[in-house]
Amino acid sequence: MKVYVPRDSAAKAVGADAVADAILAEAAERGIEIDLVRNGSRGMVWLEPLVEVESERGRLAYGPVTADQAGGLLDGSLESLGPVEHIPFFARQTRLTFARCGLTDPLSLADYEAYGGLTGLRRAIAMTGEEIVQQVTEAGLRGRGGAGFPTGVKWKTVLEAHADRKYVVCNADEGDSGTFADRMLMEGDPFTLIEGMAIAGLGVGATQGYVYLRSEYPDAIAVMEEAIAIARANGLLGPDILRSGRAFDMEVRVGAGAYVCGEETSLLNSLEGKRGVVRTKPPLPAVEGLFGKPTIVNNVISLATIPVIFEKGAAHYAAFGLGRSKGTMPIQIAGNVKHGGLFETAFGMPLGELVNEVGGGTASGRPVKAVQVGGPLGAYLPPEQFDTPFGYEEFDGQGGLIGHAGIVVFDDTADMQVMARFAMEFCAIESCGKCTPCRIGAVRGVETIDRIGQGDASAIDLLSDLCETMKDGSLCALGGFIPYPVMSALTHFPDDFGARKEVAE
Amino acid sequence: MQHPNPAIDLEDIGALIAPHIEREGPMLPMLHAVQAAYGFIPREAVGVIAETLNQTKAEVHGVISFYQDFRDAPAGRHVVKICRAEACQAVGGSALADATLGNLGVDWGGTSTDGKVTVEPVYCLGLCACGPAAMVDEQVVGRLDEERMTALLRELRT
Ligand SMILES: Cc1cc2nc3c(=O)[nH]c(=O)nc-3n(C[C@H](O)[C@H](O)[C@H](O)COP(=O)(O)O)c2cc1C
Ligand code: SF4
Ligand code: FES
């Protein structure tokens, strides 16, 4: 009997380890032989721990499973949700980047190859650097870390830079609230990231890679490190990758709890062992990056999407999407939502469909008040803006951003003045301190919102002015974009701003 | 800390950081190694690292003080990090955090009087679809409510 219990930390956080133990114990008691695989997550987090049992009807899903249901699961008395891939949330997706996540044993290289892994790298090995970069450009891939910068353009700059050493740095700092795609990918299909980074290395002539991985993700760190060791032992990394005569190696570097270290230049300073202060650009990291050398800095999802582009072809990838937002995006639906999880789909689905149909509305059953898209620097969007298609330009046009594609849902009990204050407080805590509008402005912002909360209506104009100053005068998007959540909250929910209402209402 | 800790031996620190000396950008790996061993970065380690990397102690201090993770004093026996970020707030994270701090009689960063539990804020654990979330030492926990948190704390304190 083959049984799958995810090792993903979202599954572990709700008891997957205890469920796995119970299944083994109950099986031993019954004398049933069990092949228990700790797979990645299928991304249906509301069903975690989601256990799958192999059958002639495919892999049958059960969830959320508790440890005391293990016996019933084995006896067949526990009700199944049916084949996992038929669950509507899953069936509606287009899984390219996450095709293997949840399907395979994350640390089995044999599984990885059986489901298309390494095909892309083998193709890339036969290409020149120019051809590799050209593929990425033709795929239309844009950075998934937030800014949406064309990945091919970035790689071309690094390719054309002359240097004795170049680097591929993977940004796995994933600090945005409401996002967990990087984590899920690294825990569920780590070889994809390794393959993507190796292709990047071949493309631009870089021989060393670093994954800068946040310390808040101990499980992802452990899986990545193990996967890298396995890859190295199997000649997938090292001096002669897949006997190509080309070298590429990589290692994990653990962050230390600073949100701003997700900003690429701050990240590079941190990797170099310095304070994670943002650098002025130019020079771009592509020209002068890690230790002053030409460096690709890309998000986990950008790099993990490279293998499928090389496996299926740039044209295949670019055929998905909307306008200049090509391909698919792993959208993370979180917060107060009924069906929270990771939903990979082509760009273009309207926000409201994601929230209400895919996500099923709020978990509390109350009306949706607003969603925050794109992490702590993203705007709060009210239901009136829910017809906005999920795409870079489309969100920009609505005064928002998609960022790393996290959607956080709030019901009507949310107090938008509290959320605006939190945004300013977060900026004050996480500011790297380099520029005044951000460092001082965020502290003033908290004070100003507190004044509004005490009934000082004149402070509202002050807050707007302050946001203008931060927008215009900040060096990076931390100080520069914090006005998005603050001003969108103020604009769309003016009634929430003012003297605090009595609790006994 | 006012007094040098007798349990801290310069040779031990040297051994902890030695495997990282040849790495590119060894500072953070060294600090992580020291903190993993002691639970904080002892004053003595600052000197050893500074000397090894040919930097001033002030520079090493500067790096340590920049990052939330590095402590300059020991924490309680267990560290509970509660997520304060937006997705957890959307499902009652703030009330849970307030109740937890209240029950332990501490503020953020504080340690319960029995020395067993330190509570720290964290800004997202990637468990945003199963919040409110927390991390107890290196164990993640999701779908928390006050009852589960109370049970968890009771376990940690016995
Ligand atoms: C304050 C701040 C935090 C950021 N955090 C992240 C992050 O956690 N992960 C990430 O990939 N990009 C983050 N970015 C964006 C990076 O600076 C950079 O654009 C990205 O790593 C480039 O990779 P991509 O082109 O593949 O998206 C952040 C930017 C800012 C200003
Ligand atoms: S905006 Fe804030 S975080 Fe960004 S460089 Fe300026 S001070 Fe640093
Ligand atoms: S917001 Fe709490 S885990 Fe992400």
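Domain bounds are taken from an automatic or database domain assignment. In chain B this assignment gives domain 1 (10-66) and domain 2 (78-157), and the C-alpha centres of these two domains of chain B lie 29 Å apart. The model is a predicted one, in which local features need pLDDT of at least 70 and side-chain atom pairs count only at pLDDT 80 or more, whereas totals for chains, interfaces and linings use all residues. Residues are numbered from 1 along each chain as its sequence is written, chains are lettered from A and ligands numbered from 1 in the order in which they are written, and side-chain values use heavy atoms, with hydrogens and water left out.

In chain A, helix α7 (residues 129-139) packs with helix α8 (residues 151-160) at an angle of about 160 degrees, the axes being 7 Å apart. α7(A) is therefore roughly antiparallel to α8(A), a term applied to angles over 145 degrees. Contact, defined as heavy atoms within 4.5 Å, joins residues of α7(A) including I132(A), V133(A) and V136(A) to residues of α8(A) including W155(A) and L159(A).

The loop between α12 (264-271) and β9 (295-299) of chain A holds R279(A), and P294(A) lies in the loop between α12 and β9 of chain A as well. The side chain of R279(A) reaches the backbone oxygen of G289(A) at 3.2 Å; leaving aside neighbours within four places in sequence, the contacts of R279(A) include E272(A), E288(A) and K434(A). P294(A) counts as buried because its relative accessibility is 3%, buried meaning under 20% relative accessible area with a 1.4 Å probe and protein chains only. Not counting residues up to four places away in sequence, P294(A) touches, among others, V158(A), Y167(A) and G289(A).

Methods
Helix = DSSP H or I, 4+ residues; strand = E, 2+ residues; numbered from the N terminus. Polar contact = N/O pair within 3.5 Å; in protein donor to acceptor, adjacent residues only side chain to side chain. Buried < 20%, exposed > 50% of the residue type's maximum accessible area, 1.4 Å probe, protein only. Axes fitted to C-alpha atoms, helices over the stretch in contact; angles between N-to-C directions. Parallel < 35°, antiparallel > 145°, perpendicular 65-115°, else oblique.
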